[in-house]
Structures are given as structure tokens and as C-alpha cells.
Amino acid sequence: MTRRRKRPANTSAVTELPSKRVKDDHQASTDGSTHHPVLSLYYPRVVTLRTYLRNQLPASSRSRRKKVASIGLETKNGLHHPTPLCSTPTVATQPTGTRVQQANEEIQILADVLDSTLVGVLKEPDCAVTSNRRKEFAAYTQSQVRSSLECTDIGATTSQSDIVDFAILSLFKRFHGHSSFYRPPHLLCHGFQRATDKCHPNHEHAPMAGIPGIVPQYPNKNVSMLKNSPWTDILNLLGKNCEEIMLHLLLDCGVFVQVDRKKGTFYQLSGIQLSELKTIDSGPANNIAKSPIGHATRDTSKPADDVLNTPANIIFVRSRMLYARAALNAKGKVRFGLRHIHVLNRYPDSTNWDHTIHIMKYIFPRQFGLHNVFTSYVNSKETVQPFKDYTLREEEIARCRNQHANKAPRRLRGELVPLIQKLQKRHHHCSYAELLRYYCPIESTHPQKLGLDSPPSSKGSNGSTKPNTRRIPMTDCATPSSSVSAFCRAVLLKLIPNELYGCGEDGTKNRDIIMRHVDTFVQLRRFESLSLHEVAQGLKITCVRWLQPPSELPSAKLSASDIRKRTEMFLEFVYYIFDSLLIPLIRSNFYVTESSVHRNRLFYFRHDVWRRLAEPLIAQLKLSTFQEVKRNSAEDTGRSLGFSLLRLLPKKSGARPIVNLRRRPVRRCGWGNELGPSINSLMTPVFNVLKYEKSQRLDMLGATMFSVRDIYPRLKTFKERKAATKPFYFVKLDIQSCFDTIPQQRLLTLVERLVPEEEYVVTRHAEVRPPDEPQTFSGRHASKIKPVRKFISNAAGFADIANLYDAVIDDEIRGKRHTVFVNTSTRKKYQRKNILNLLRENTGNNLVKIGKKYFRQKTGIPQGSIVSTLLCNFFYSEFERERLAFLDGSDDALLLRLVDDYLLITTEPGLAAEFLQVMLDVQGNEDYGISVNPDKILVNFTATNDGNIVPRLEPSQHQFPYCGTLIDTHTLSITKDRTRDPSLTTSDTLTVEANKSPGLSFYRKALSSFKIQTHTMFLDTKHNSVSVVLASLYQSFFESALKLYEYSRCLSHRGRGLTSPTLLIRTISALMDVAIGTIQSRTAGQMGFESSVTGAQVRWLAATAFRAVFGRKQSRFPGVVRWLDGVVRGSRPKRDGEAVRLRRAVSTGVYR
């Protein structure tokens, strides 16, 4: 037995180091990997740079591994002898004084980089790839491949600059099959381009050149950082393996440098852009495949390779039924029933075999090899929807006609053909108009208000027409959704033979299940959806005889493959019912829209009723706002911007015209039709330029506020400088139709002064962060929490261009916790003349298509434009400088304006009266086009205008409403305005997600809604009194409790059962934590925020509010009520004064 070698005692700094290092903010596992809330979702393995380098060094290089592991730790432990970065001959004399301190500082900087930089490993090293890269790099640097017997204790054998340049060249070679203008999606390739005859190097950045075949276009900050310290020092740590390790780091990994240690924010230095990567599917594979039709079988065979979308992923596109135009007959009246282009109207002959087969191609496209929702990809250039519209697919069928030759697949040749022929006959004999009159009569929509039974207008004495001027809510004329549902179900029952659902009792149950979901489909709110999986729950396929193969006996035992085939065919039939029958049926008979009052509730107007309501409003718009232009002029190809469509949005009285500038127009191209860019996307560079100029000219914006939250800092500053002895005078007014009345020529003159630079550069970056809610869900829910990606564009003058890294370091761009900043390759230059031309066309030549005619907006600016709000703010700021200059510099007045809503708060009654008089006198002035809405004027003192009393706040009231808030006229405290229209219910404000992860959606939506209500302006006890803050908190919790209860009730109606008590308790606890966290995190924040509310008080108020709501249904929520009672007892106030204050907050903060 050999004796173990005795190691000599070593007193060096390395052996004296502790075995454990202080952990960073990241959670390290036993194998050295680190968990990051964002990066771990994209990379299989995330490690610190120190761990990565130590693992990549060969095991034989023990000295290098030890040096990488120990560098920088000497100074942390009080040892002042720096370890050299490379094993090079050193001077015998020790450096002293400042040289020692400088060396220690450099080593500490290097150690901080090694510990704070994270590396996301996409691909592990491969020997063949590494060897090939070594040879290519040797050829690139015109050197020889080193011998493997070389000593490893040497420094870097090449320069960091050569390695980075070679990495860039390798990336361009990797994508050599693309066009010469294609840039690889890698951060090192930004600013470089392949050399072509049309692409020449930018001579301003000529020193960057040096890579054969690659020319620089603009400087790349990441490349310059990697070529300098501390990365050159890191290269010296790696010895002879420096090229292989560094190339793998640059080409196969993502490198992220830390920006803010406290927030945990990072900047991506190298690698494929994080915004271009897909998240890792960490969910385990499930060997048990459950059929949505109700059969649970073990999936012993390999799943079909052509399946792209499962039933759970297939969502019916309900948005197609919104804002549909009516089909008219030859007499100009509305034609009810399915449109003439529908396949049942195009091929009605049931005795014609070709007609029947053609209809079957629409119902079962997958069986005929046509485009379908299950196996086909959707081209994003053809539609913005997740699935195509299959209402008209004649071109596709014509292209495939020779292939199919009108032959039905074998599985469709049995009993299905006579059933489809029966469907054709039923459609021919179905009286859609009579069913509509029966189930949706006009009498149910208040005909006396519509004037449909009596003439809508009368003749005057001079023969002129006097329209009916009585203004009623348009929503009162809508058909109830229950009647619409009854009509749709009646049509489907008349149209579809019962045998298609199945035979016997199970077939009747199948039909009832589908009809129940038809009713759900109609009753859903604006943004809610219904999936094919949800509809298919409970359906039976064994009773559907037409699914059987023609040669199979009915009593034969079903195989697993036969069950899958039957399920596949029956799901196609179910999808056709909803997508190609129900949605076209609603579109052809109803105009479906939301309203500005009822949030997410949908209203169904019969097309004839909607035409009677909308035609007078459209006619008025044509006279006042629009001017008709010729079709040839409107379709001029020289226009940069296209045209937009106009629709009406019902409101409390009348309707608001909405111009859709986000619509992507269909244009012809060489291979067919494709979607072009929308007007707003074309105007985005103009918006970025105006946003940049806004940041440079904040002093010009005067009273402008960009959100309701801007009220808080201005009001608090005003309160602090004013004495509490003087009363406050409030004046609120609203500019009527502000966007439609702005003079176009005066606005364009102003804009020309706002855009002084001759050239602007627009860049774009991405911010990737974890979701707002805490990731408390584990197991299968954890993989469903996806990061939030946000793309931000910024413009700058040519002299003010700054790279993203410097902007993040200088805190010019701020992100939330754990945000990762990623630069993109977007960098475009825009000339001043092009910016102004787009503005002139968008403002002075905005085209709107109404029906089949084109109109130009002759006054004002388009309300739906991305630049309209900024232009409006600049315009009214100029008005304030010219007409309201008497308020400038006055410490006795505070003027606020949110777009077109003015509020003046002053301690001088004379200023309030003068402001009101100026705003009323300016009406009719063509220079500004300002017209004050008389219905929205409100003051808290007595005032008159031309002998008429101006509406004032009741003397007994102290809460002054403004932009969704209530401001106390005595103390200036701020609370949320919770008054609302009586017809608006809590259900109208919700969007229930019942398809994927309903529990997670329930949790996420509850937190998102609550965070909006707990802004610091409502919780600041320095600005508001403690009693006001406590009442605001109780109101917020009470409103959240109502929403949670209603959300839970809606989920149970969707077949999801009662919400789990555990989920409810977890959600309520998270809401408490959000409120407490907001109070505590803002204690030392901006604007001197202070809050004396304690955590116990928050929990007591929350538990009391939820107990008041859920206690009404104690039998449904017994566990939740018991837990709430325990929270109330555990946070009960200990002093009588505090108890009285909390009870008073509950009594005054009751939600009404």
C-alpha cells in the first residue's frame, strides 16, 4: 500500500480563504447554477461568470481554476497582497503606496464583475465544434494551432479584440443563406453589415473596421466594452484555453452584467437577444392523454406530428362578430339571414353531389387536406387574429380542386352525406327573418323611443324636415342578449339535423351541451373567450353514427386510433358550428358593440335598428367635420398614409365617433393579399420625435398632466406652500370636442417650431421582467407564468444620441425589479422634412371611409391617432401662455389640465372668476376653436355667466370631483371617486378567464385591479388625514371583495365549480401584502411620502371588508369566513381610540 503524499504547509492567501463565500442576491444551487426570475425561464442553466469560467477550465489546470475561484477574495478578508492576474515575470520589488491600493482596486473591480455577471448557457461545449472553431480562428489570425503538450501556466495567447472580431465574423457566416441586408439576431452584430456594392462603411466609424467582408454602420457599445477592461483581464485568467472558452461564451451563451444590485436589474452584453428567445417548457411530460370528449386512455403511441393546436389552444375568435356592416337588398333595406357569400347560399342544391362535397370541405377541411385550425400555421401577414377566417375559402379550394377531384375521404362517405344534404334543405326552408322577428321583436327595444312605428321626423311649415331631437341612451334600444341567444339557438336547431349531434339520449345531451355553450358564447363580455376544449367537455362520440367507418359494425370495440379519429372529425364539426355558423349569423343580423358607460358589456342592435340610430349622427358628422373627396384622389398611391374607418361608440347620451387608425389595410402583392402597416404604426416615428421634444421642453407644457397620478405631486406642493386659514376656490370645466375643434393650420405652424432638428435617430430596446404578481404558484402553474416583454422606442437629436447601457447606468431609463434591458438592432434616421410631411398628411389630409365613400376631416385632428394627445397638449399649452398668463408665477393658484379637463384651485376668488370668464369668453374664437361644454362646468362658489347661474357644488358637500378623484375643498385630501352610473354593475367591469389556468388568472387579475386603487396619493397621511386614508383602504378592499365574489360566481357558471378556499385565502393575503408593501416601500420615497398606517390596521380593514361581502354567502365560503374571523381577532386594535377610528373608517367608507 502506497503512502499518501503529505502536502507541505502552505501559508499563502489561497489556503487561508474561507470555504464559503457570501452569497449574492441570486439563489445558488448545489451544482453552481443560479436562479434568476427572468433568465432561468430562457436558459437551461444560469451561472455566475466566476462559476462559468471555473467549470470551463480543464481539470488539469488546477492553478488557473484556483486563481479564478480566489481572485478578489483576499481583499474581502483583509489580506492586502493582490494575486497577479496572469503568471508573468514580475519585478522583484513589491509595489508600495498608491500602486498597491490601485492594484487592489483593480482586482476588486474584476472580482465584482466575476460575481455579479450572469451567464445563461444555451448550448454546452461540443468537442467537434470547439476543434473546428480553433482551426478557423487560427486561420483567421494567421497563426498555427498550438501543441497540446504546451504548458498551461501562461497568460492569454491572443488578444480579446481578435476573439470578438472573429465571433462577429462567425455569426455572419452562420447566417450566410440570408440576404446581404440580414443582420443576425445577436447583440455583437448590431451596427455591422455585410459588404456589398450598395452597403459602404460609415466613414465616421472607420476605426471599427477590420473584419473581412463586414463593414460598420454605427458604433456598437457592447463590442467596445468586450474589447476593453475588465474583459481583457478576464482573458488573461484563462491561459491557453482562452480562445475556446471566450468563443463559447460569446457565441453559445448570453452574458448579462448587473446594473443595479438593489433592484436586481441587468443589461444584456452578449448573446442572442433575450427578446428573440422562447421560454423553456419546464412542465413534465404527461403520459396519460385525456380526450376532450371524455375518454381517458393511455397514449401508448406517438402523437400525431401534424397536430399544431390542441382543443385547449383553439379559441373562437369572437371579435369577428363586432362592428359588422349590414347587408342590403336591392331596395336598400337590411337583408337578414346568412350573407350571400356564405357557403350554404353559394351551394344550395342538395341534389347536386358537387355542392354537397363543397360544403363538406368547409365543415371538414382537415379531412380534405385544406387549411384548418388544428394542423395549419397562420400567416401573420394575412391576419392579425390567432386563426384565419374560413367564411370564404373558394380560392384555396380552387387551387386544390385537381388534387381532390370532388371525392370524399373514406371516413366521410357513410351516413354523413345524406345528413349534409338534409342540412342544405333545412337552410333553404329556414325563415331567418321570421325567427328574428319572433325572438328579437322591435317592441322589446322601445319603439316609441326609436320612432320605428311612427315617422322619425315631421314636416315643418316651410316644408323642411324637423328631426326628432329627443336624446335617449342608445343602449336602451339594444336587443337583450337573452333574446339574441334564443334566436341563435332556434336557428341552429332548425338548421342542423339532430343526427349530426348523435343518436338516442346521448345525442340529445350532445345537442343540449352545444346549445348551452351557444348561450354562453352570446352572454360573454367584451374580452372574454370560449375554447373548443370547454365546449367539448361532456360530449359523447360513441353515439354519433356518421363517425363510424363505412365497413365497421356498430357493436365493434373502438381502438385508441379510432377514438382519436372520431374525436378529430367531431371537433371539426363543433368548430364549424361556432366559427362558420354562429359568428356569421350574429354578424349578418346584429351590430355588436360595447359602450363607454358599461365597460365590457356587449350590446346587440338589430341592423335595422342600428341604421335608424346611426344615420342621423353620421349625417351630422358629414356636415360639421368631414368633407367628401373623390375616390380617385383618396386611392392615390402617392399618399404615405391610407384611410381609416369610422364607427360610433354609444355613450350616456348620443354616441362618440371613433376612428380606427390601428387597422392594418389589405393590399395586393405578388403572391396574393397581405396586411400592410397601420396608420398609427407609420406615425410611430413622429410620436417618438414629439416625445423627445416634449422631454426637452417641459417648461412649455404649463398645466399639462400626462396621467391622473400627476395630480398628487402638484397638489401636495401647492398645499405645503399655502396657509390652511384661507378657503380654496375650485373651477372645473371641459373643452367640448377638443380634438375635432383644433384649427389645423395654427397647429401645423406650432409643430414646425417644435421640430427644430434636421435629423433624428430612433432606437428601440426591450425590457423583460417577471410578472407583477408574486410567483407563489408552484408545480404546473409555475411554468405558465410568463415574463413580461415591453418594447420601447426612443428618439433623439443627432447630437444627443446615447446608447442604452449609458442611459441605464445614468438612471435615465428605470425599470422594475429584476428587469433585463436588451438592446435591439433598430436604429433608423428620419429627416425633419419627412416628419413634417407625415404630420401634415395625418392632420390636414386625414381620410375616413364611411360606407363606400371617402371623406376628409376638415376640422380638428384624428382622435384615434397616436400623436393626437401630444399635439393637443402642445396646442393648449400655447393657449395658456397667451390667454391665461395672469396665472403664471402666482403662488395663490394651481392650474391643472389632463388633455381637455381643466381644474383651477386658488385662494383668491378674483383669479377664479377671471379664469372662468376668460374660458367662457374665448368660445367661438377661430384662433383656438375652444368651446366649453356647459354641462361639465362646476365651481364651489356662486358665479354667474350672462345672468345664468353657473353649476356649483352643494354647500354641504366638500368632495370636488375631477378625473376620477375627489379633492376635499377644505383640506385638499385626495380620494378615489367611486360614484358610477346606476346601470353599471360589478360584472360589467370584469373579464373572466376560464380557459387556461383560471385560478392563476383569478389571482393575477385581483392583484392588478387592486394595485390601481392603492396609489400613494390615496395612502399619504402627510397629505391626507389618517381617517381619510383608512376609509380609502377600506373602500379599496371592499371593492376588491365585490369583484372577487362576482368573479368566483362567474367561474362557477362557466362550469368551473366553486373557487377553492385555499385560492381565495391566498389571494386575499396577497392583497393585504400589496397594501402593506406599498406603505412600507414608499416611506422614504419621493415627494416626502409618509404613512402612519400599520400592518395590523391594514389586515383588520381588509378582513372586515371581505367578511362583509363573503359573510353574506357563508354556506358557500365557510372556510374563508372562518379564516377572516381569525384575521380580525388577530389584528384587533389594542387601544380604544384606534378601534373607534377604524370603525369610523368602515362606516364612512361603505362602498355604494
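This passage describes the predicted model of one protein chain, from its overall make-up to selected local features.

The protein chain contains 38 helices and 34 strands. Of its 1152 residues, 49% count as buried.

The confidence of the prediction was considered next. The mean pLDDT of the protein chain is 84, and 84% of the residues reach 70 or more. Over residues 6-25, however, the pLDDT is below 50, and this stretch has 20 contacts in the model beyond near neighbours in sequence. A pLDDT below 50 is also found over residues 294-305, where 15 contacts are made beyond near neighbours in sequence. Where pLDDT is low, the predicted coordinates should not be read in detail.

Among the strands, seven form an open sheet with mixed pairing, in the order β3-β4-β7-β8-β24-β22-β23. Its edges are formed by β3 (45-48) and β23 (788-797), each of which pairs on one side only. Neighbouring strands of the sheet are turned by 35° against each other on average, direction ignored. Helix α9 (residues 242-252) packs on the sheet and touches β4 (118-121), β7 (253-260) and β8. The direction of α9 makes about 80° with that of β7.

Strand β8 (residues 265-270) pairs with β24 in the parallel sense, over two bridges. Y267 stands opposite F821 of β24. The pairing of β24 with β22 is antiparallel and extends over nine bridges; here H765 has N823 in β24 as its bridge partner. Strand β22 (residues 759-769) also runs antiparallel to β23, to which it is joined by 10 bridges. Within β23, A795 is the bridge partner of V762. Strand β22 is mostly covered, with eight of its 11 residues buried.

Helix α29 (residues 832-844) comprises 13 residues, and the distance from its first C-alpha to its last is 18 Å, close to the 18 Å expected at 1.5 Å a residue. The buried residues of α29 are I835, L836, L838, L839, E841, N842 and T843. Their cover includes the helices α23 (679-682), α24 (684-696), α27 (744-754) and α30 (868-883), together with the strand β24 (820-831).

The buried residues of α36 are Q1097, V1098, W1100, L1101, A1102, A1103, T1104, A1105, F1106, V1109 and F1110. Among the elements that cover these residues are α34 (1026-1056), α35 (1061-1081), α37 (1118-1130) and α38 (1136-1148). An α-helix has 3.6 residues a turn, so residues three or four places apart point the same way. V1098, A1102, F1106 and F1110 are included in the buried set of α36.

Several loops show particular backbone features. In the loop between α7 (221-226) and α8 (231-236) lies P230. The peptide bond that leads from S229 to P230 is cis, with omega near 10°.

Positive phi values in residues other than glycine were found at D946 and at L972. Phi of D946 is about 55°, and this residue is found in the loop between β30 (944-945) and β31 (948-949). The relative accessible area of D946 is 73%; because this value is over 50%, the residue counts as exposed. For L972, phi is near 65°, and the residue lies in the loop between β33 (965-968) and β34 (974-976). L972 has a relative accessibility of 0%, which is under 20%, and therefore counts as buried. In summary, D946 is exposed, whereas L972 is buried.

Notes:
Residues are numbered from 1 along each chain as its sequence is written. This is a predicted model: local features need pLDDT of at least 70, side-chain atom pairs count only at pLDDT 80 or more; totals for chains, interfaces and linings use all residues. Side-chain values use heavy atoms; hydrogens and water are left out. Buried means under 20% relative accessible area, exposed over 50%, partly exposed in between (1.4 Å probe, protein chains only). Helices (H or I, at least four residues) and strands (E, at least two) are DSSP runs, numbered from the N terminus. Contact means heavy atoms within 4.5 Å. The expected span of a helix is 1.5 Å times one less than its number of residues. pLDDT is the predictor's confidence in each residue, from 0 to 100. Two strands pair if DSSP finds at least two bridges between them. Axes are lines fitted to C-alpha atoms, for helices over the stretch in contact, and angles run from 0 to 180 degrees between N-to-C directions.
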